[in-house]
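Let's take a friendly walk through this model, from a single side chain to the nonpolar cores. Keep the viewer open as you read.

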Amino acid sequence: MLPWKRVLRPLTALLLTVAVALVPAATAHADSAPSSGWNDYSCKPSAAHPRPVVLVHGTFGNSVDNWLGLAPYLEHRGYCVFSFDYGQLSGVSFFYGLGPIDKSAEQLQVFVDKVLTATGATKTDLVGHSQGGMMPRYYLKFLGGAGKVNALVGIAPNNHGTTLSGLTNLLPYFPGAEDLLSTATPGLADQIVGSAFMAKLNAGGDTVAGVHYTVIATQYDEVVTPYRTAFLSGSDVHNVLLQDLCPLDLSEHVAIGLIDRIAFHEVTNALDPAHATRTTCASVFN
């Protein structure tokens, strides 16, 4: 008999997380994002911030709602900021990142080229939340993205597959569930620990030469589990646990990407390491 109390706890946490992700603060597409620095194709990178920043939303996210906190934060600090929708399923609006991840990476490839052409920059920086912090690794590794990207900053990225707080261990108890998941929402199936996509993505090493990697994780992550699977291995990797910067920070998987200014401060450190300042609990006021 299944240990139902143990099952329901992570299930409840997961459903709450998805519910937060599915209730948009403002339902919109990338084209209707604020046009002053955020998706403003007339924006030219400054000498202080010479690379445009492309924001890559997470599963069930979209190009606006996922970035209502971070995009203005970066814009106000002088960055040219861009975001886009990817991983659309036919008949599903507003909630993206559900299509096959290799195809989503191809969409990222097209969008990066568009941003570089518009801004005149030779390279961009990528900042992604959840799937958005992992999917670009496919672009870097298999689609030639390493020559066009200076840095990848992942906020709670699902870099090595997730158990979803143990829920994926229950799939064998439900015949046909794995096939249904793969058919209906391949972007979810690709992210399960042990998937063929994850095996391909991480074969031969986590990183590629020439790209600076930063991972910002939270110990309270209930979606990317265990949370340390977010971290990367490589010679040019900076792995950060949010609670090492501020033990009082209780952000879980959704909050770290949507509203956490401590995490946002660490993002700016990764984008401009030459002018990095110490990230603490007080960074919430910066």
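## Ground rules

A polar contact here is a pair of N or O atoms within 3.5 Å; within protein, one must be able to donate a hydrogen and the other to accept it, and residues adjacent in sequence count only if both atoms are side-chain atoms.

This is a predicted model, in which local features need pLDDT of at least 70 and side-chain atom pairs count only at pLDDT 80 or more, while totals for chains, interfaces and linings use all residues. Residues are numbered from 1 along each chain as its sequence is written, and side-chain values use heavy atoms, leaving out hydrogens and water.

## Threonine 119

Look for threonine 119 in helix α3, which spans residues 101-119. (Helices are DSSP runs of H or I with at least four residues, strands are runs of E with at least two, and both are numbered from the N terminus.) Its side chain reaches the backbone oxygen of valine 115 at 2.8 Å and the backbone nitrogen of alanine 121 at 3.4 Å.

Threonine 119 counts as buried because its relative accessibility is 7%; buried means under 20% relative accessible area, exposed over 50%, and partly exposed in between, with a 1.4 Å probe and protein chains only. Leaving aside residues up to four places away in sequence, threonine 119 touches Cys43, Lys44, Pro45, Pro52 and Phe82 (contact means heavy atoms within 4.5 Å).

## Rings and charges

There are six aromatic pairs in the structure. Rings of Phe, Tyr and Trp (its six-membered ring) pair if their centres lie within 6.5 Å; planes under 30 degrees apart count as stacked, over 60 as edge-to-face and the rest as tilted. Tyrosine 138 and phenylalanine 142 form a tilted pair, because their centres are 4.7 Å apart and their planes meet at 45°. Both lie in helix α4 (residues 131-142), four residues apart, about one turn of the helix. Tyrosine 138 is buried at 8%, whereas phenylalanine 142 is partly exposed at 36%.

The charged end of lysine 200 sits over the ring of phenylalanine 142, 5.0 Å from its centre. For this, NZ of Lys or CZ of Arg must be within 6 Å of the ring centre and within 35 degrees of the ring normal.

## The nonpolar cores

A nonpolar core is a set of buried Ala, Val, Leu, Ile, Met, Phe, Trp, Tyr and Cys residues joined through side-chain atoms within 4.5 Å. The largest has 37 residues, of which Val54, Leu108, Leu126, Tyr139 and Leu140 touch the most other members. Helix α3 gives the most to this core, with seven residues. A second, separate core has 25 residues, including Ala71 and Ile262.
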